[in-house]
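Load the model in your viewer and keep the selection tool at hand. The tour goes from the whole chain to single side chains.

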Amino acid sequence: MDINGSVREKIKSLGATLYGGNVVAMSRFQQDNRFAAVQEVAAYWEALRAGRLMPNRSEIDPRGIEGALEYAFILERIAPGIARMRVAGSHLLDLMGMEVRGMPVTSFFTPVGRNALNSIMEDVFEQPAVADLTLIGERAVGKPPLDARMILLPVKSDLGDTSRILGCLVAKGEIGRHPRRFEIVSTKLRRLGDGLDQLVPSRSQDLSDRQPIAGFAEPKTEMKRKAAPHLRLVKGDE
């Protein structure tokens, strides 16, 4: 039996996703047509879930998300708030300008965004929950504007624990100079439950009052003007 074919047919016939045993409009994932790959991965995960808390890692087949493979990834939890890339599509390699398998997913974020992402991933693993993130690319010389969206979907490992995430990251705009890292603008969490899933109020990150990031940047020093020396007349002997 072609399980993925069955899943695809289910998505097409319903035109919706399964949500706690109820049918819900796909508009939940259709906020921006630029990020169709995010919608495809979310719909595939929902169809695999089929009313359960979450699908199993062994059920995920790349053929089920052929149109989104370059943007998709799978994370493995290795410690609280820390997850590394097990599988990553070519779009993620393009963003970083290098191979990303084995790297922590926080590598795609600025220092400010990493702490927020760690907390969000803990929600995804522990509650469990689905996280939908709106991102913007860090600006610098050679790094033009980038709008991005990421979704994090919990998955059970072969051992039955919630230690995997099926995700998708799509950035729109010119990539420019590598690596490209992101800041989190807002997050939507959907807490999963055996009965009815619950929407958690969105979190927004205020980026208007950011502090300078410590790193290779040196602290600014104030230029002090030295007083001009007094002139004195020197008379030589003739």
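What follows is a list of stops, each with something to select.

**Before you start**

This is a predicted model, in which local features need pLDDT of at least 70 and side-chain atom pairs count only at pLDDT 80 or more, while totals for chains, interfaces and linings use all residues. Residues are numbered from 1 along each chain as its sequence is written, and side-chain values use heavy atoms, with hydrogens and water left out.

**Stop 1: the whole chain**

Show the protein chain as a cartoon. Its secondary structure comes to four helices and nine strands. Helices (H or I, at least four residues) and strands (E, at least two) are DSSP runs, numbered from the N terminus. Along the sequence the pattern reads α-β-β-α-β-β-α-α-β-β-β-β-β.

Switch to a surface. The protein chain exposes about 13,600 Å², and carbon and sulfur atoms supply 52% of that. Accessible areas come from the Shrake-Rupley method with a 1.4 Å probe; for residues, only the protein chains shown count as cover. Of the 238 residues, 43% count as buried. Buried means under 20% relative accessible area, exposed over 50%, and partly exposed in between (1.4 Å probe, protein chains only).

Contact means heavy atoms within 4.5 Å. Of the contacts with a separation of 6 or more, 60% come from residues 24 or more positions apart.

**Stop 2: the largest core**

Select Leu75, Phe108, Leu133, Leu135, Met150, Leu152 and Leu169. These have the most contacts inside the largest nonpolar core, which has 33 residues. A nonpolar core is a set of buried Ala, Val, Leu, Ile, Met, Phe, Trp, Tyr and Cys residues joined through side-chain atoms within 4.5 Å. Among the elements that give two or more residues to this core are strand 3 (72–79), helix 4 (111–126), strand 5 (129–137) and strand 6 (147–156). Helix 4 gives the most, with five residues. Apart from this core lies another, of 23 residues, including Ala42, Ile60, Leu153 and Cys168.

Centre on Met150. Beyond its neighbours within four places in sequence, Met150 is in contact with residues including Phe73, Val105, Phe109, Ala131 and Asp132.

**Stop 3: Phe109**

Move to Phe109, in the loop between helix 3 and helix 4. Is Phe109 buried or exposed? Phe109 counts as buried, at 0% relative accessibility. Leaving out residues up to four places away in sequence, Phe109 touches Arg114, Leu117, Leu135, Met150, Arg181, Phe182 and Ile184.

**Stop 4: helix 4**

Select 111–126, which is helix 4. Helix 4 has 16 residues and reaches 23 Å from first C-alpha to last, close to the 22 Å expected at 1.5 Å a residue. The expected span is 1.5 Å times one less than the number of residues. Colour the buried residues of helix 4: Gly113, Leu117, Ile120, Met121, Glu122, Asp123, Val124 and Phe125.

**Stop 5: strand 3 and its partners**

Two strands pair if DSSP finds at least two bridges between them. Strand 3 and strand 4 pair in the antiparallel sense over six bridges. Arg77 stands opposite Ala83 in strand 4. The two strands form a hairpin with two residues between them, and Gly81 in the turn has a positive phi of about 75°. Strand 3 also pairs with strand 7, antiparallel, over five bridges. There, Leu166 in strand 7 is the bridge partner of Ile74.

**Stop 6: salt bridges**

A salt bridge is a side-chain nitrogen of Lys or Arg within 4 Å of a carboxyl oxygen of Asp or Glu. The count comes to twelve.

- Select Asp132 and Arg149. Their closest N and O atoms are 2.7 Å apart. Asp132 lies in strand 5 and Arg149 in strand 6, so the pair ties together parts 17 residues apart in sequence. Asp132 is buried at 10% relative accessible area, and Arg149 is buried at 4%.
- Select Glu122 and Arg77. This salt bridge is 2.9 Å, N to O. It links helix 4 to strand 3, 45 residues apart. Arg77 is partly exposed, at 21%.
- Select Arg34 and Asp147. Their salt bridge is 3.5 Å, N to O. The two residues are 113 apart in the chain.
- Select Glu76, Arg84, Arg86 and Arg164. A network of salt bridges links them.
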